[in-house]
Amino acid sequence: APASWDWRDHGAVSPVKNQGMCGSCWAFSVTGNIEGQWFLKNGKLLSLSEQELVDCDGVDQACRGGLPSNAYEAIEKLGGLETETDYSYTGQKQTCDFATNKVAAYINSSMELSKDEKEIAAWLAENGPVSVALNAFAMQFYKRGVSHPFKIFCNPWMIDHAVLLVGYGERTLCVFCFSPYPFLSVFVSLSLSQGYYYLYRGSNACGINKMCSSAVVN
Ligand SMILES: CCC[C@@H](/C=C/S(=O)(=O)c1ccccc1)NC(=O)[C@H](Cc1ccccc1)NC(=O)N1CCC(N2CCOCC2)CC1
């Protein structure tokens, strides 16, 4: 696998979206992954609808949380995802307004990835951005640099947030540092702020390795 990779440099990540005050991180994590899979298979980067999942995925709990694994299944059952434009985001659960004839992207199945960070990084560089889940406690205080929280502040068994892993690499923490610091660049869709979070790579920090998944587009 390459020493570093960032799908933002290869056109597979749509611009940052605003999740608003709704616990729909699970939907953003999955649409981000499918946007990447669709782009790599069909060469078109679409912005896909999270609201369709909030409204029409009856297994998950809309703004009160969900699981990417359930969302993939809901998308398969529905028949695919509409675009953000056709089914736009409001940040609250409404009646399902899905229309089969408006499907812009579909998936054939989904898969759980390895729990080994090296294998996850290699898979990402080869196949696209990955839906991941983690303990988001430290993320809320993130300012810059590479976050490397103490385990007590980021219990890997207390996973509460789903985001999109877009790349990995090494970053010197300061101008005078010589030892580059390995990191994972995680696309954050936090309800309060939007942006990128860089998390230390190599110690399964915050449980980032535990629930990595992807849709499969044939
Ligand atoms: C209230 C839901 C918050 C939301 C994310 C919100 S968020 O706004 O993006 C955010 C989170 C953290 C810091 C800042 C912002 N979290 C989720 O959707 C998380 C994401 C997650 C957690 C664990 C593993 C994988 C994915 N999921 C949840 O919170 N879930 C709700 C309970 C559900 N249970 C399933 C079994 O039956 C009982 C209910 C599982 C999914």
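Analyst: The protein has four helices and seven strands, taken as DSSP runs of H or I with at least four residues for helices and E with at least two for strands, numbered from the N terminus. From the N terminus, the order is β-α-α-α-β-α-β-β-β-β-β. This is a predicted model, where local features need pLDDT of at least 70, side-chain atom pairs count only at pLDDT 80 or more, and totals for chains, interfaces and linings use all residues. Residues are numbered from 1 along each chain as its sequence is written, and side-chain values use heavy atoms, with hydrogens and water left out.

Glu52 sits in helix α2, residues 51–56. Glu52 is buried, meaning under 20% relative accessible area with a 1.4 Å probe, protein chains only. Yet Glu52 has no salt bridge (a side-chain nitrogen of Lys or Arg within 4 Å of a carboxyl oxygen of Asp or Glu). Lys102 is the nearest side chain of opposite charge, 10 Å away; Lys and Arg count as positive, Asp and Glu as negative, with His and the chain ends not counted.

What does Glu52 touch, leaving out residues up to four places away in sequence? The partners are Asp57, Leu78, Gly80, Leu81, Glu82, Tyr87 and Phe98. Touching here is a contact, with heavy atoms within 4.5 Å.

Back to the whole. Buried residues make up 51% of the 218 residues. Of the contacts between residues at least 6 apart in sequence, 72% join residues at least 24 apart. Along the principal axes, the C-alpha atoms fill a box of roughly 55 × 30 × 25 Å.

Note on methods. Buried < 20%, exposed > 50% of the residue type's maximum accessible area, 1.4 Å probe, protein only.
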